[in-house]
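Please look at the sequence and the 3D structure below, and keep both in view while reading.

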Amino acid sequence: MLLEFALIGVLAGYLAGLLGIGGGFVVVPALTFLFLGQAETAPWAVHMAVATSLATMLVTSLSSIFAHHRRRAIRWPVVRSLAGGLLAGAVLGALIADALEAAALSRVFGFCAVLAGLQLVLGRNPLGERPLPGQPAASFVGLAIGAISSLIGIGGGALTGPWQMWHGIRAQSAVATSAACGYPIALAGTLSFVVLGWQHGTPDQALGYVHGPAFIGIALTSALAAPLGAATVHRLSPRLVRSIFGGFLVLVGLRMLAGA
């Protein structure tokens with residue numbers, strides 16, 4: 001499956017750089033399909049897909065963050081205000097994923113993703129900027145985003161992006177900042193899934209719930225493709241970026257509502 005892992009990584013990395021989504025919406029369904037086809041990974045297919053998706057973002061996020069930072073597009077104060085909540089939320093999301101069936105919550109999030117995507121596609125560009133919330137509220141926002149993102153294996157850009165744009169932050173900066181916000185989610189979520197997976201007798205090639213070969217194959221190619229996506233987003237108009245991001249969220253949301 002090494003070729004499949006590499007191809008998944010190329011697409012996930014490009015989307016991570018283009019949309020700041022971390023590639024999880026590509027990696028999780030693709031890995032779930034592949035893992036279900038193998039007897040040794042089928043019992044833990046969804047959990048391993050989510051955990052491995054988060055692990056690959058440890059590499060993809062760095063590459064994407066570096067590319068966006070060189071263009072001075074990341075709003076680091078926003079990242080710092082959310083970071084504590086993102087870390088705590090990622091641990092919480094991993095605990096929920098390990099203990100509970102996540103199908104219902106995935107469908108709820110799918111509904112939210114459709115609404116957020118439609119708002120981005122159909123809504124008007126905000127006039128000026130709404131004030132960002134203070135630290136207590138920002139921590140709570142980070143907690144919610146981190147928990148949902150870790151639970152379903154995404155980098156958080158599908159939530160932090162619309163949240164920033166709703167506050168009037170320019171689309172390119174929102175995408176870049178979302179990429180940076182994905183790193184604390186990936187770090188805390190991956191470590192949590194490694195520890196939790198040790199209790200369930202996962203296959204030899206896995207570290208906890210993280211599948212080693214899939215992590216290597218996806219991480220290497222996604223790191224190469226992420227800068228291409230980051231370069232693309234800065235050549236597009238803010239309105240076009242919003243439309244691409246919104247359309248992508250609608251498609252992903254519909255798939256999650258359908259139980260894909």
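Predicted model: local features only at pLDDT ≥ 70, side-chain atom pairs only at ≥ 80, totals over all residues.

Residues are numbered from 1 along each chain as its sequence is written, and side-chain values use heavy atoms, with hydrogens and water left out.

Helix α3 covers residues 45–70 and helix α8 residues 171–197, and the two pack at an angle of about 145° with their axes 8 Å apart. Helices here are DSSP runs of H or I with at least four residues, numbered from the N terminus; axes are lines fitted to C-alpha atoms over the stretch in contact, and angles run from 0 to 180 degrees between N-to-C directions. Among the residues that make the contact are L54, L58 and I65 of α3 and A179, Y183 and F193 of α8, where contact means heavy atoms within 4.5 Å.

T52 also lies in helix α3. T52 counts as buried because its relative accessible area is 0% (buried means under 20%, exposed over 50% and partly exposed in between, with a 1.4 Å probe and protein chains only). Beyond its neighbours within four places in sequence, T52 is in contact with L31, Y209, V210, H211, A214 and F215.

S139, by comparison, belongs to helix α6, residues 135–152, and counts as partly exposed because its relative accessibility is 27%. Leaving aside neighbours within four places in sequence, S139 touches S81 and G85, and its C-alpha atom is separated by 5.5 Å from that of L82, 57 residues apart along the chain.
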